[in-house]
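This report describes selected features of one protein chain. Please view the sequence and the structure together while reading.

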Amino acid sequence: MEKGPVVVRLIFAAQVALVFVPLASHAQQQGGRTSVPLYYDRVHQAEQVTIGGHYLIGAVVPATSQFRLMQTADVNGQFRKSIGLSTFDCEQGGEIAAEKVGDRVWQISPATNGRVVVKTADGRYLRGARGSENATALMLSATDSTLWMLRDEGDGTFSLSHDDKGQVRYVTLYEFNAQSHYYGCYTAATPTDSKRLMFYRGRTEVDVGKMQPVPADLSSVAIATTHVTQMTVAKADGSAADGSALLLTDGTVAPDERLGQWTIQRQTDSTFVLRDAAGAYLDAQFATQEQPCLWSLREAGLATVGDDVRLAVLDGGRFTAVLPHEAVGKAAATLMPVGQAPNSSEEAGTLSLQGAWSADALAALPWTTTTTLDLTSIALPQAPHPFSRRPQDRSTYILVAACQAAVVPDAWTMTLACDAADPEADAVLLTPTILADRQALVPPRAFRYAAGQLGYRRQAAADGGWETLCLPFEAAVPAGFTVEAYEDYDAGTLSFRHSAGIEAHRAYLLCHPFAAATEGPVFEVTASAEGRIAADESPVSAVFSGTYVPLDIQSAAEGIYLLNAEGTAFVRAAAGSRLAPYRAALRLDGQQTVRLRVTHGAQPDGIPHATDAAETATDDQPLYDLTGRRVSRPQQGRLYISRGHKVVCTGFDK
């Protein structure tokens with residue numbers, strides 16, 4: 001437990017604002033009923049301790065930080081048993097429901113000299129041991145009481161102590177072993193933390209608190225209860241509807257047909273009336289009437305104004321206004337500002353949104369001609385949904401304001417966070433994104449990505465033939481695939497060499513040498529390092545270079561060569577040919593060759609000896625036949641090339 005400076009104050013009846021009378025709730029005042037706490041709230045200061053109220057007394061086990069309450073039941077006539085609340089974190093505050101703690105409720109009453117007595121609900125007193133009894137025992141007695149000193153120890157904790165023959169003893173949570181903890185009466189020798197008690201006071205009615213400022217005159221509001229991203233809204237007739245999809249990050253709600261909307265009309269600095277579209281007034285029963293009904297905003301929420309203040313709550317699926325003691329355990333309602341009606345405009349494939357958009361309305365956008373969805377001018381929903389109509393056959397992008405990045409779901413692939421203060425600054429990729437094969441990469445602005453955030457997937461050929469590849473990010477070569485980089489062109493022959501990795505924007509040959517039985521193997525990679533992609537990104541310009549947009553061949557005279565369908569040779573591209581994104585082509589202007597020979601690895605300039613291929617072939621020393629094609633299944637007795645030398649297979653037949 002964290003501790004601040006320890007402030008020790010003895011609580012005297014005449015010096016501290018404690019009420020030394022039994023707590024009488026509004027329920028008692030109205031009908032004489034006995035008040036029974038429904039919830040218990042943490043008491044942080046001595047002034048909040050109301051003598052005569054219902055209390056829970058707890059402490060934290062120093063070794064494990066587990067919170068344990070002191071039970072009122074007798075255990076062996078000596079010790080108070082402790083009960084753990086396994087799902088309760090006392091450091092997070094919150095409330096404890098009464099039904100969970102029925103046998104742990106204590107009451108505090110005044111005694112002489114500023115001391116107090118602590119007793120159970122049935123009137124038995126908590127007392128320390130005396131005489132021949134165990135000095136550390138805590139007991140219950142129908143007639144005999146110990147006069148306790150109740151001290152504020154600071155940090156929202158308290159102590160209960162008494163003078164035992166000149167020695168001060170404290171009510172302490174004692175750890176007998178890891179499985180056994182109980183409350184006893186100990187001296188200062190035990191750990192200090194276990195003497196620092198936490199009090200939880202029973203709540204029998206809601207404190208409506210002070211009035212708050214009134215919203216702007218003539219502003220549009222809704223009535224709702226909220227909890228994190230969950231919101232229940234009031235319809236026009238006071239019935240409840242789930243409005244979670246309407247809650248926006250700026251604290252407003254999006255206008256919607258399920259939402260009741262009222263207009264604020266200020267009467268004074270702290271009071272107002274609520275009127276619907278027809279001009280009728282909202283009353284305390286959430287019905288409309290012709291006569292004004294005054295409302296106010298209080299610390300506890302929306303409340304009526306008058307002798308009997310009523311608090312607006314959600315009760316049994318409807319909104320209504322109830323007395324404070326009737327509001328205990330019910331969700332208090334408050335006013336939520338309603339945003340402007342949603343609208344949009346589209347230009348050159350960019351759809352820009354304005355106004356307040358609900359999660360449902362945003363998810364249902366048609367994306368008919370949209371390439372880029374610009375959301376930088378709106379407040380996003382607090383719980384956005386996936387887009388139901390986002391195209392899968394073309395690349396699309398989403399732009400959001402950087403300040404709203406935290407609510408963007410992973411389902412919104414290729415979402416870029418933009419700096420509103422600097423429109424020219426690079427955006428940042430927020431969501432994991434797989435670049436779709438054959439779809440153009442034309443982002444609306446430059447963006448940066450992190451390692452592992454950007455990926456690419458392709459269904460590779462199943463026949464062992466070669467393919468071309470060009471990626472906008474650095475990646476490792478997946479297991480089972482071979483990647484080769486362009487090395488040289490000379491006299492109609494292209495040379496490629498094995499590559500251990502894939503560089504960004506560089507063109508490669510790609511092959512899965514083992515033919516698949518059915519469909520082709522999947523080539524899938526992710527960025528192995530952070531990087532940047534420009535708005536007009538293009539691969540490295542070279543003899544062998546790739547493209548991120550479809551490449552249309554206008555004329556065979558362009559000198560562009562494409563890999564044939566079998567993946568065995570480069571052929572001059574005819575007019576009307578097209579190269580898909582993330583692939584590569586040869587650009588040999590002025591060359592008239594129709595077909596280009598390809599070699600793989602270093603070429604032999606002499607054959608000094610023959611070597612057994614079974615001993616030579618390894619993953620980083622691939623075999624090639626005499627035409628330059630890589631071989632995955634060498635045949636016994638045939639000649640192959642490995643690392644520039646001629647080898648013969650004599651030991652196996654794969």
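Strands β11 (residues 149-154) and β12 run antiparallel to each other and are paired through five bridges. The model that shows this pairing is a predicted one. Within the pair, Asp-152 lies opposite Phe-158 of β12. Two residues separate β11 from β12 in a hairpin, and Asp-155 in the turn adopts a positive phi of about 60°.

On its other listed pairing, β12 meets strand β13 (residues 167-177), again in the antiparallel sense, through four bridges. Here Asp-164 faces Gln-167 of β13. These two strands also form a hairpin with two residues between them, in which Lys-165 has a positive phi near 55°. Strand β12 itself, spanning residues 157-164, is mostly covered, with seven of its eight residues buried.

| Hairpin | Residues between the strands | Residue with positive phi | Phi |
|---|---|---|---|
| β11 and β12 | two residues | Asp-155 | about 60° |
| β12 and β13 | two residues | Lys-165 | near 55° |

A separate feature is found on the surface. Met-211, Leu-294 and Val-305 make up a nonpolar patch there, and their accessible area together is about 200 Å². Val-305 belongs to the loop that links β24 (301-304) with β25 (311-315).

For the chain as a whole, the secondary structure amounts to three helices and 57 strands. The chain has 654 residues, of which 49% are buried. Of the contacts between residues at least 6 apart in sequence, 59% connect residues at least 24 apart.

The average pLDDT is 82, and 80% of the residues score at least 70.

Conventions. Residues are numbered from 1 along each chain as its sequence is written. This is a predicted model: local features need pLDDT of at least 70, side-chain atom pairs count only at pLDDT 80 or more; totals for chains, interfaces and linings use all residues. Side-chain values use heavy atoms; hydrogens and water are left out. Patches are made of residues with over 30% relative accessible area and no salt bridge: like charges are joined within 9 Å, nonpolar side chains (Val, Leu, Ile, Met, Phe, Trp, Tyr) within 5 Å. Accessible areas come from the Shrake-Rupley method with a 1.4 Å probe; for residues, only the protein chains shown count as cover. A salt bridge is a side-chain nitrogen of Lys or Arg within 4 Å of a carboxyl oxygen of Asp or Glu. Buried means under 20% relative accessible area, exposed over 50%, partly exposed in between (1.4 Å probe, protein chains only). Two strands pair if DSSP finds at least two bridges between them. pLDDT is the predictor's confidence in each residue, from 0 to 100. Contact means heavy atoms within 4.5 Å.
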